[in-house]
Amino acid sequence: MINIVLFGPPGSGKGTQAQRLIEQFNLKQISTGDLFRFNIKNETALGKLAKSYMDKGELVPDQVTIDMLTDELKKPTDAKGFIFDGFPRTAFQTQALEGIVKEVLNEDIDVCLSLVVEDEILVQRLLERGKTSGRSDDADEQIIRNRIKEYYAKTAEVAELYKQQGKYVEINGVGEIAEISAQLSNEIEKIK
């Protein structure tokens, strides 16, 4: 199995690249955003719990997210591995993810692939996306800049942990989509 943490600030191209990697390597993407939406929509016990925090404007505790992730990993799949998107975002979550992957799959996280894009390019990409996405957080430059700043502040410790393990690889996220995909694929081929 191949287990990848896909990293990158908003607008770095994670969604586009994840889809390409899923098809190429038969991986299953686990996005915390998708997990939340699924559990809330289907009114699972975890979904109801998460919604109770969200309705009060509070952050959902890590343990709720971890439990959703664990449930998802336990579902049968014919995928050859997983791409984790949007998780981990903290050192605690990084350690929790490694524990879950070890416990449920008897595997390890193989690599953290980080798409690197200059802030000004991110801002322009998100403003452009905002014209068609309908997402209000993609239409306001101040909100975009704050999201990017928050991303770096929260994820620096995660990058550092993966660097210490020799599992952190930065990929230039600017250029032709196919070229970026090829760089990501090359890194995955090294661990297959």
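In what order do the elements of the protein chain run from the N terminus on? They run β-α-β-α-α-α-β-α-β-α-α-β-α. That makes eight helices and five strands. Helices here are DSSP runs of H or I with at least four residues, strands are runs of E with at least two, and both are numbered from the N terminus.

Two housekeeping points. This is a predicted model, where local features need pLDDT of at least 70 and side-chain atom pairs count only at pLDDT 80 or more, while totals for chains, interfaces and linings use all residues. Residues are numbered from 1 along each chain as its sequence is written, and side-chain values use heavy atoms, with hydrogens and water left out.

Overall dimensions next. The C-alpha trace spans about 45 × 40 × 30 Å along its principal axes.

How much of the chain is buried? Of its 192 residues, 44% count as buried. Buried means under 20% relative accessible area, exposed means over 50%, and partly exposed is in between, with a 1.4 Å probe and protein chains only. The chain exposes about 10200 Å², and carbon and sulfur atoms supply 49% of that area. Those areas come from the Shrake-Rupley method with a 1.4 Å probe; for residues, only the protein chains shown count as cover.

Now contacts, meaning heavy atoms within 4.5 Å. Take the contacts with a separation of 6 or more: 73% of them join residues 24 or more positions apart.

Charges, quickly. There are 25 positive and 32 negative charges, and their mean positions are 3 Å apart. Lys and Arg count as positive, Asp and Glu as negative; His and the chain ends are not counted. Each charge is placed at NZ of Lys, CZ of Arg, CG of Asp or CD of Glu.

On to the strands. Strand 1 covers residues 2-7. Six of its six residues are buried, so strand 1 is largely enclosed by the rest of the structure. Both faces are covered: Ile2, Ile4 and Leu6 on one side, Asn3, Val5 and Phe7 on the other.

Which strands does strand 1 pair with? Pairing needs at least two DSSP bridges between two strands. Strand 1 pairs with strand 3, residues 81-85, in the parallel sense over five bridges. There, leucine 6 stands opposite aspartate 85. Strand 1 also pairs with strand 4 in the parallel sense, over four bridges. In that pairing valine 5 stands opposite cysteine 112.

Follow cysteine 112 further. Its bridge partner in strand 5 is tyrosine 168. Strand 5 is residues 168-172, and five bridges join it to strand 4, again parallel. Strand 4 itself, residues 111-116, is mostly covered, with five of six residues buried.

Helix 4 next, residues 62-74. Aspartate 62 is found there. It is partly exposed, at 24% relative accessibility. Leaving out residues up to four places away in sequence, aspartate 62 touches Thr90, Phe92 and Gln93. Its C-alpha is 9.2 Å from that of alanine 96, which is 34 residues away in sequence.

Isoleucine 66 lies in helix 4 as well. Buried or exposed? Isoleucine 66 is buried, with a relative accessible area of 6%. Beyond its neighbours within four places in sequence, isoleucine 66 is in contact with Phe87, Phe92, Ala96 and Ile100. Leucine 97 is 31 residues along the chain, with 7.6 Å between the C-alpha atoms.

Phe87 leads us to the backbone. A cis peptide bond joins phenylalanine 87 and proline 88, with omega about 10°. Proline 88 is in the loop between strand 3 and helix 5, which is 91-105.

Which asparagines have a positive phi? Asparagine 26 has a phi of about 55°, and phi of asparagine 106 is near 55°. Asparagine 26 is in the loop between helix 1 and strand 2, and is partly exposed at 32%. Asparagine 106 is in the loop between helix 5 and strand 4, and counts as exposed at 61%.

Last stop, helix 8, residues 177-191. Alanine 178 lies there, partly exposed at 47%. Glutamate 107 is 71 residues away in sequence, and 29 Å away C-alpha to C-alpha.
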